[in-house]
Amino acid sequence: MFDELLWFEHADTCSAVRNISDPRHLIEGWQQLRSRMVRKREPSFTRDEWAYLLQFLAPERLQGVWDHAFGTRSDAPRAPGWLLVPPREVALWLPNNVSLLGCLTMVLVSLTGARLRIKAGSHSSNLCTPFASWASGTLPDGPLRTWLHDALLVQAFGRDDPANVVMSSTADARLFFGSDTGARAVENLPHAVDSRWFAFGTRVSEAWFTPAATRDAETVARLARVFAVYGQAGCTSPKRVVVIDGTPEDVQALHRLLAEAVATSRWPEPPQAQASEVVLGEQWARSWGLEAHRLPGQRALLVLSPAAAPQVFAHRALQLQWGTLEQAVATAPGELQTIGWAGEPPASWVAAIGATRANRFVPLDRMHDFGPVWDGMAWWRGLFREVERG
């Protein structure tokens, strides 16, 4: 009649989690799928997207979600301090600009065993549907295949569609990714008073370099790879690079190595609209008295300047700046999310983070890493209702 309890130990605390579906069986299912993903790629995905999914589905990474939230699994239960109850149903609204985000969130929510209803971006490529269909058709019978078939619903509809109201009103927890305006609109939809709400609105990111890092070809190549994923569209993509305590010469060195990295990595030529943005962005930047360089094929626009508040000159524009730590902090955007660091960050950088609005300070090549803690919120654990046990 009642689901069994899973027991976890953390320091001197014991927690019991009511079990909808044993996460070990779900993780095993994702590993079965992962072994098949190595041999075959679903054609809707780019090679980079497929590679990131493979990395994301690593067993230690998925098990780490539970370990981080609740502690170590225990087979010798004692009286728990807390009983944690997973949600019955989760609603997820996705943005139009980062299509892979839906698949990543879907994987993490599946570990709770809850039903998941996804509204895909109405003007973006919906990767959730082909991924779920491919996975369901590839996996053998088991808990994960059952979850994909019975508990997952992915739809695409407009912001004014009545289906939004249905999603919101029946969900125990609501997740939103997109603009601040969109978040307010979804928050105002009818919902249960005790429905949990996690909104991830408009955010931007940047990178901090040491002067030495500007002359390291491999580090600069990592910057090129990070920026290439989403350009200016992703909240985790750097809008600018600030060389802390750097000089114009350091930024020039960074510009040269970055241009070489783009050329050797064979970035594809951008769509016509983005190529036109690069041309116009160069003219706009120069009208402001800034040094600007278009890369061959309009693949990117690099704008060089002293530390200043970042601007969006084009979808594929990256600002390269120099300044003191104090200037970097003073010009950091109010909606700053992630700072990706390169070089050996001194302790003063860590101390300065608190003066910004950043919620992540990570190595450069981890800027896009999504997880159960996001924008300063432990959203995955927050899906669970905590019942105090006296």
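How many residues of domain 1 are in contact with residues of domain 2? In this predicted model, local features need pLDDT of at least 70 and side-chain atom pairs count only at pLDDT 80 or more, while totals for chains, interfaces and linings use all residues. Residues are numbered from 1 along each chain as its sequence is written, and side-chain values use heavy atoms, with hydrogens and water left out.

The protein chain is assigned domain 1 (28–56 + 88–202) and domain 2 (204–366), with bounds that come from an automatic or database domain assignment. The C-alpha centres of the two domains are 30 Å apart. To take up the opening question, 4 residues of domain 1 are in contact with 4 residues of domain 2, contact being heavy atoms within 4.5 Å. Together the domains bury about 360 Å², with 59% of this on carbon and sulfur atoms; buried area is the accessible area (1.4 Å probe) that two parts lose on being put together, summed over both. On the domain 1 side, N97, V98 and T202 supply 85% of the area buried against domain 2, more than any other three residues. Across this interface, 0 salt bridges are found (a side-chain nitrogen of Lys or Arg within 4 Å of a carboxyl oxygen of Asp or Glu).

Q321 sits in strand β14, residues 317–323, strands being DSSP runs (E, at least two residues) numbered from the N terminus. Q321 counts as buried because its relative accessibility is 0%, where buried means under 20% relative accessible area (1.4 Å probe, protein chains only). Residues that Q321 touches include R240, V251 and P306.

Conventions. Helix = DSSP H or I, 4+ residues; strand = E, 2+ residues; numbered from the N terminus. Buried < 20%, exposed > 50% of the residue type's maximum accessible area, 1.4 Å probe, protein only. Lists of a residue's contacts leave out its neighbours within four places in sequence.
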